[in-house]
Amino acid sequence: MRSINAIDSKSDAHRALICAFLAKDSGKVDIKDSSDDINATKQCLAALENGEADLYCKESGSTFRFLLPVVAALGKEVRFHLEGRLPARPLSPLYEALLSHGVQLSAQGETPFHVGGQLQAGEFHLSGNVSSQFISGLLFALPLLKADSRIIIEGKLQSAGYVDMTLQTLKAFGIEIQKTDNGFYIKGNQTYRSPDAYHVSGDWSSAAFFLCAGALLDDGICVRHLDLHSAQGDKEIVALLRRFGANVQVQKDSVFVSKAPLHGIEIDAAQIPDLVPALAFLGVAAEGETVIRNAARLRFKESDRLESIASVLFSLGSKIEVLSDGLRILGGKPLEGGKAESFGDHRIVMLAAMVSLLAKHKVEIYGAEAVSKSYPDFFKDLEALSLAENVERK
């Protein structure tokens, strides 16, 4: 049986590092695996600790969107330096909410992005179908203010699992947030307090690729260091693999997946957008049609991820159609292989590597170094599992 440990969740790591910084005790966060995104948060927090005004976020949306309200709550004047597609990724309605509560901001899309003024408590109205990172950023910041605040969510909250992760981490660091019928009530003047130790949980988002690969192998793959009780929404991959028809066995902290006849399914990706590349891979492997919907927000990731997925799969021989908010994949046919562009997107690199398992000829991934954004050792682990024979990095 092939087995591997899931890497540490960068989503969990970002949250824990910020909370520990605000508790003035970052040394108690245990992170075994790092990445470009996690390093960006570490470096920005170190700069703030040293009184520096220039914060380098690289391409990390979590770093920028989480720290933007935090520095405003601390009354800091800083310059965020943004790379890649990050300056162009949407910042509304968080942008307008901060402006209306005392914060001075550069025009959207500028880099460096200047922040000044002092965030004021009050009511913050945000649509539920925008990035959950906006809500998480405010949840980190608002407990630091003297007065109480409310976040009003208009419509259904998408990617709710990521907000639940934030609430879980805040609670671990002594911050109490009250859920309301339409959002959150946040008492002001709270104090962050570090637990004795904080261990970052395993990452379901990246583990999903290996679990999906297991569904193609007679001997299967076991991924350890996974918490079935995690707030990470991407643990839904277990239920989705079963819906596809895979053989799935769950133990205390591990998931084992092995080969079984796979069939296409329909998927609502509103709460699990980061799973879509792995699910697209499964869709290619499964007989029949797989349809993924409610994933329009993937157009604003490191790439337009709907178009990137379609481009890679089409170039390798798959039949795929881009919908306004998702994908339609006709699977069950061997792929030819060939060239695959990463589009500078770590998840697209992982997708192309996994699809090589279905290809007659090698898959050549151009820009494969983009995977270091979340998983620097991805190809090393791919080789350890004997899954890299049909992949070339260009």
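Q: Let's jump in at Leu 241: which residues is it in contact with, once its neighbours within four places in sequence are left aside?
A: Leu 241 is in contact with Leu 211, Cys 212, Ala 215, Ala 246, Val 248, Val 257 and Leu 282. Contact means heavy atoms within 4.5 Å. This is a predicted model, where local features need pLDDT of at least 70, side-chain atom pairs count only at pLDDT 80 or more, and totals for chains, interfaces and linings use all residues. Residues are numbered from 1 along each chain as its sequence is written, and side-chain values use heavy atoms, with hydrogens and water left out.

Q: Which residues have the most contacts inside the largest nonpolar core?
A: Leu 241 is one of them, along with Phe 210, Ile 237, Phe 378, Phe 379 and Leu 382, in a core of 77 residues. Another core, of 65 residues, lies apart from it and includes Ala 13, Ile 31, Phe 64 and Ile 151. A nonpolar core here is a set of buried Ala, Val, Leu, Ile, Met, Phe, Trp, Tyr and Cys residues joined through side-chain atoms within 4.5 Å.

Q: And how much of the protein chain is buried?
A: Buried residues make up 58% of its 394 residues. Buried means under 20% relative accessible area, exposed over 50%, and partly exposed in between (1.4 Å probe, protein chains only).

Q: Why is helix H9 called largely enclosed?
A: Nine of the ten residues of H9 (residues 276–285) are buried, so the rest of the structure largely encloses this helix. The buried ones are Val 276, Pro 277, Ala 278, Leu 279, Ala 280, Phe 281, Leu 282, Gly 283 and Val 284. Leu 282 also turns up among the contacts of Leu 241.

Q: Nice. How many helices and strands are there in the protein chain?
A: Twelve helices and 21 strands. These are DSSP runs numbered from the N terminus, with helices (H or I) of at least four residues and strands (E) of at least two.

Q: Switching to Val 115: where is it, and is it buried or exposed?
A: Val 115 sits in strand E6 (residues 113–117), and it is buried, with a relative accessible area of 2%. Not counting residues up to four places away in sequence, Val 115 touches Leu 68, Val 71, Lys 76, Glu 77, Val 78, Phe 80, Val 103, Gln 104 and Leu 105.

Q: How far apart are Val 115 and Val 71?
A: They are 44 residues apart in sequence and 8.0 Å apart in space, C-alpha to C-alpha.

Q: What about Ser 60, where does that lie?
A: Ser 60 is in the loop between strand E3 (54–58) and helix H3 (61–73). Ser 60 is buried, at 0% relative accessible area. Leaving out residues up to four places away in sequence, Ser 60 touches His 14, Asp 37, Ala 40, Leu 86 and Lys 373.

Q: Last one: what does the C-alpha trace span along its principal axes?
A: For the protein chain, about 60 × 40 × 40 Å.
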